[in-house]
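Work through the exercises below with the structure open. Each task is followed by its solution in steps.

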Amino acid sequence: MSASLPGSRDLPASRYDLSTYWGRVRQSAQIADPSATFPPTPPQCHLPSDITPVPPSLRHHPSATFPLYPVPPTQWNPTLFVSSAGLEHAKQLITSYKTGQVRSMTPELWEAKKIVDSTLHPDTGEPVFLPFRMSCFVLTNLVVTAGMLTPNLSTRGTLFWQIVNQSLNVAINSANANKCSPLSIADLARNYVAAVSASCTVAVGLNALVPRLKRISPNTKIVLGRLVPFAAVASAGVVNVFLMRSDEIRKGIDVFPVQSEAQKADREKTGKGVESLGRSRKAATLAVGETAISRVLNATPIMVIPPLILFRLQKTDLLKARPRMVLPVNLGLILVTSVFALPLALAAFPQRQAIQASSLEPEFHGRGGDGGLVEFNRGLSYPSSPPIMSVPYLVNDPKGHIPASQRIPVIARPFVSERAKKTLDLVERFVEEDCIPSDAVYIQQIGVGASIKDRFDAHPPVIEELKKKAKAIGLWNMFLPKNHFKEGAGFSNLEYGLMAEYLGKSRTASEAVNCAAPDTGNMEVLAKYGTEAQKKRWLVPLLNGDIRSAFLMTEPQVASSDATNIELSIRREGNEYVLNGQKWWSSGAGDRRCEIYITMGKSDPNNSNKYRQQSVVLVPADTPGITIKRMLSVIGFDDAPHGHGHIEFKNVRVPVSNIVLGEGRGFEVVQGRLGPGRIHHAMRSIGAAEKALEYFLARISDPERKPFGQQLSQHGIQLERVARSRIEIDSARLAVLNAAIKIDEGDAKSALKEIAEVKVQVPGVLLDVLDRAIQAYGAAGVSQETPLASMWASGRTMRIVDGPDEVHLLQLGRNEAKRGDALRNRINQQKDKSKAIFSQYGMQPLDVLQLDRVSGSAAPKSTRL
Ligand SMILES: Cc1cc2nc3c(=O)[nH]c(=O)nc-3n(C[C@H](O)[C@H](O)[C@H](O)COP(=O)(O)OP(=O)(O)OC[C@H]3O[C@@H](n4cnc5c(N)ncnc54)[C@H](O)[C@@H]3O)c2cc1C
């Protein structure tokens with residue numbers, strides 16, 4: 001669909017006025033008619049520009065799954081078999097409109113829109129598998145409909161065709177489904193079973209009932225029998241609508257104030273979205289009821305008219321003498337009805353419904369927009385997603401939107417698969433459209449002003465919604481690199497690094513896709529070193545996102561940047577280890593869902609090898625003897641609910657089978673854990689720096705802010721800061737991607753230098769860019785007004801966590817210094833060789849500034865250097 005193409009301008013949805021019934025009929029007829037019966041007319045769409053093109057994330061509502069047969073054949077026209085060159089041309093035309101190069105719709109553009117909309121998936125921008133394109137619906141369904149409407153079907157035949165029909169609906173809906181607001185497999189299966197059960201029960205039941213009806217003529221019984229498939233399909237559709245959207249009726253759907261023409265014009269200029277007034281259950285009931293009715297209406301023409309006409313025709317001598325003609329006649333009738341009668345039914349209700357605000361719940365009274373009206377999307381809003389605004393979120397360029405996959409630095413491109421590129425674009429959309437708008441909701445759901453206990457007991461519902469969505473669109477566990485783990489999503493460190501950049505722009509995104517620290521590192525430990533039993537108990541629920549984890553190394557009483565100092569005691573007693581000591585900065589321990597502590601301690605303090613004294617054991621968080629004494633703040637932020645705990649262990653007993661890798665191998669485990677994790681942190685920090693720069697740019701281009709008579713962007717010093725930020729972010733990104741490629745080529749050990757470099761470089765860049773952005777916002781920059789202050793607090797910790805800067809710098813410096821002797825030797829050898837070459841030419845080496853100025857005639861003629 002055109003939504004997937006670059007550019008921020010929305011195309012009008014139709015050349016017809018979709019607010020009128022006949023406008024919708026013409027639209028439906030045009031797209032259902034293979035020969036495009038209606039000649040092109042100038043655009044006359046009167047719908048508000050912000051709502052006419054339904055936002056991409058709303059385009060394919062899950063409730064469209066198992067629609068009442070038949071699904072609207074949205075785009076059946078000759079565009080179905082468009083060539084790839086034709087498709088490319090159409091895409092170029094659409095892009096030129098969306099990026100503002102072409103100002104108004106032309107007949108050629110309408111045609112291009114038809115081609116693109118009928119071929120490409122709205123989210124991925126990839127062509128949909130041909131038989132499952134909506135444009136192919138009439139053709140693919142011809143056979144199924146004819147099968148269902150076959151006169152005198154046996155029970156087995158009836159069941160067969162009903163199941164085939166529902167299965168085809170699943171296939172078509174899945175192929176066209178919204179990748180940003182999709183159904184989970186479980187929901188899909190539940191609804192499939194319900195629709196199949198409803199349609200089969202009604203079909204078989206009525207088939208048995210109709211022949212037994214008394215006081216009805218045989219002809220009427222035959223007619224009723226022929227309408228049984230209609231009843232079956234209609235009831236399956238209605239059951240499906242209510243099942244799918246019961247949540248909407250319970251929670252309500254978003255309603256928006258209708259915009260006046262002036263407001264629309266203003267919105268187009270500023271790019272501001274229309275904010276939801278809140279959720280209305282009354283609007284939801286109306287929307288769901290209308291959708292159910294429309295599903296019955298949509299099924300009526302195709303499933304009622306052809307069987308009735310066929311019944312009459314079968315009485316004529318023509319068909320009586322030629323029973324083989326029944327099938328082609330049936331097919332012809334269905335096809336003709338699809339084209340001519342279906343549009344009348346499809347047009348029954350507008351997609352966006354406007355009603356008086358006063359007809360909804362009291363909280364909406366008096367809050368309507370133009371004419372006191374509010375509007376809502378009849379069938380497309382995701383049942384329980386956060387409020388969605390119709391904002392062109394992804395605009396990132398003066399010309400519109402350049403997808404993330406097209407912004408991959410040139411040097412990294414050869415290492416990125418097509419699949420990763422698609423996923424990257426999906427990550428970008430998910431973060432920008434779903435996660436970032438949910439961040440504030442998440443913070444509020446933790447509890448503004450709530451007690452410490454309540455804040456750390458909180459489990460914001462919005463995160464579970466996001467997780468559900470992310471899982472369903474395949475954004476899950478992307479962090480586990482493919483060349484080392486079979487459990488992950490099959491991406492390389494580089495590919496995941498590119499994705500992690502976007503995750504770093506949102507507070508909720510990493511957790512939403514199950515790629516949040518410290519779980520990522522902990523899962524790597526379990527996947528790499530865990531026994532099968534340990535994996536089953538801890539890794540599986542972690543990979544599913546059902547529990548969370550913490551990594552306990554740092555201790556309050558010792559300098560923990562040197563892991564050999566760690567002294568929590570791990571003493572073996574029979575088949576158990578007994579743990580005693582203190583830990584702090586145990587990130588994630590505050591979360592009630594944190595069920596496992598991966599704990600480092602000393603099991604062999606007298607070992608002569610100081611790197612063999614430590615062990616790592618798995619400690620279930622509910623083991624007796626553990627007290628989370630307090631939570632620690634990060635420059636004033638509590639980071640609830642996961643937080644950073646100060647934990648006491650008093651005679652905590654775990655079975656010896658909970659050891660990781662073996663006694664004395666704790667150092668190895670910790671080393672193995674930290675490598676790729678640092679790349680993850682670094683890439684998220686690059687994303688955070690990009691976000692800071694975005695805020696910076698937004699502020700300096702704000703026309704309302706004019707210190708000393710000029711917008712900030714006209715003050716040269718600000719532009720210089722922007723330029724520096726751009727340079728620093730871009731070079732830091734290259735360094736991180738380089739490190740990721742190096743890990744992919746070998747392992748974390750072989751990339752120690754590159755990892756250390758970015759571990760030091762990136763937090764510095766992030767803090768510098770944040771500082772410039774904060775400065776541009778003045779006092780607002782250090783307050784809760786923007787996310788910059790909390791981003792700075794969290795960014796600052798990056799110079800300490802996973803080893804302070806100094807440790808890495810020392811290591812890097814030491815390793816660099818090791819080359820000193822070799823380099824000195826090389827330089828001397830080169831000098832010697834140079835002397836030899838001089839002598840070949842009979843020359844003496846001279847100093848380039850040799851002067852030989854002598855004072856007094858007795859003075860020796862020599863250089864005085
Ligand atoms: C937000 C946050 C989350 C954290 N999460 C976790 C977690 O989940 N699990 C966990 O175990 N730990 C965690 N930590 C702890 C973190 O890993 C440690 O703070 C870090 O390793 C430093 O250890 P330390 O605090 O004991 O400082 P120390 O080791 O005492 O070091 C203090 C300072 O000494 C200086 N220094 C250290 N070594 C050298 C050197 N070689 N040369 C010169 N100067 C040096 C540095 O300036 C350093 O900052 C977290 C910390 C923060 C802030």
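**Exercise 1: a helix pair**

Helix H18 (residues 493-503) packs with helix H23 (residues 716-745) at an angle of about 150 degrees, the axes being 8 Å apart. The model is predicted. Describe the direction of H18 relative to H23 and the residues of the contact.

Step 1. Angles over 145 degrees count as roughly antiparallel. The angle here is about 150 degrees, so H18 is roughly antiparallel to H23.

Step 2. H18 makes the contact through Asn493, Leu494, Leu498 and Glu501, and H23 through Arg733, Leu737, Ala740, Ile741, Ile743 and Asp744.

Step 3. By class, the residues of this contact between H18 and H23 are six nonpolar, three charged and one polar.

**Exercise 2: the nonpolar core**

Which residues have the most contacts inside the largest nonpolar core, and which helix gives the most to this core?

Step 1. The largest nonpolar core counts 92 residues, and Phe430, Leu475 and Met478 have the most contacts inside it.

Step 2. Helix H22 (residues 666-700) gives the most to this core, namely 14 residues.

Step 3. Leaving aside residues up to four places away in sequence, Leu475 touches Thr423, Leu426, Val427, Phe430, Ala470 and Val513.

**Exercise 3: strand E1**

Find how many residues of strand E1 (residues 253-257) are buried, and identify the strands it pairs with.

Step 1. Five of the five residues of E1 are buried, so E1 is largely enclosed by the rest of the structure.

Step 2. E1 runs antiparallel to strand E2 (residues 278-280), joined by three bridges. Val255 has Gly278 of E2 as its bridge partner.

Step 3. E1 also pairs with strand E4 (residues 373-377), antiparallel, over two bridges. Here Pro257 has Val374 of E4 as its bridge partner.

Technical notes
Residues numbered from 1 in each chain as written. Predicted model: local features only at pLDDT ≥ 70, side-chain atom pairs only at ≥ 80, totals over all residues. Heavy atoms only, no water. Axes fitted to C-alpha atoms, helices over the stretch in contact; angles between N-to-C directions. Helix = DSSP H or I, 4+ residues; strand = E, 2+ residues; numbered from the N terminus. Parallel < 35°, antiparallel > 145°, perpendicular 65-115°, else oblique. Contact = heavy atoms within 4.5 Å. Nonpolar A, V, L, I, M, F, W, Y, C, P; charged D, E, K, R; others polar. Core = buried A, V, L, I, M, F, W, Y, C linked by side-chain atoms within 4.5 Å. Buried < 20%, exposed > 50% of the residue type's maximum accessible area, 1.4 Å probe, protein only. Pairing = 2+ DSSP bridges.
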